[in-house]
Amino acid sequence: MCTRKRAYDSVGHALGTAVHRVSTGEARALRAYRCPYCRLWHLTHKRALA
Ligand SMILES: [Zn+2]
């Protein structure tokens, strides 16, 4: 399921990429989350539920 997503080995790396993508207009808002399947970090456009 997450094999098609890019995974990051640290939250810092994931957030750095998220900031870059938002700054370039590629994405409006991204957040990083720890994947329970591969235990790496992914970025998502979805809003946080909490
Ligand atoms: Zn994953």
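## Contacts and burial

Of the contacts in the chain that link residues at least 6 apart in sequence, 43% join residues at least 24 apart. This description rests on a predicted model, and the buried residues in it amount to 6% of the 50 residues in the chain.

## Fold and dimensions

Read from the N terminus, the elements of the chain follow the order α-β-β, which gives a secondary structure of 1 helix and 2 strands. The radius of gyration of the chain is 11 Å, close to the 10 Å that the globule rule gives for 50 residues, and the chain is therefore as compact as a globular protein of that length. Along the principal axes, the C-alpha atoms of the chain occupy a box of roughly 30 × 25 × 20 Å.

## Confidence

The mean pLDDT over the chain is 88, and 90% of the residues score at least 70. Among the elements of the chain, helix α1 has the highest mean pLDDT, at 95, whereas strand β1, which covers residues 31-34, has the lowest, at 92.

## Arg 4

Arg 4 is found in the segment that comes before α1, the helix spanning residues 11-23. Because Arg 4 has 5 C-beta neighbours inside 10 Å, and a residue with 12 or fewer is classed as exposed, Arg 4 counts as exposed. Between Arg 4 and Arg 39, which are 35 residues apart along the chain, the separation of the C-alpha atoms is 15 Å.

Technical notes
Residues numbered from 1 in each chain as written. Predicted model: local features only at pLDDT ≥ 70, side-chain atom pairs only at ≥ 80, totals over all residues. Helix = DSSP H or I, 4+ residues; strand = E, 2+ residues; numbered from the N terminus. Buried ≥ 20, exposed ≤ 12 C-beta atoms within 10 Å, placed from the backbone. pLDDT = per-residue confidence, 0-100. Rg over C-alpha atoms; globule rule 2.2 N^0.38 Å. Contact = placed C-beta atoms within 7 Å.
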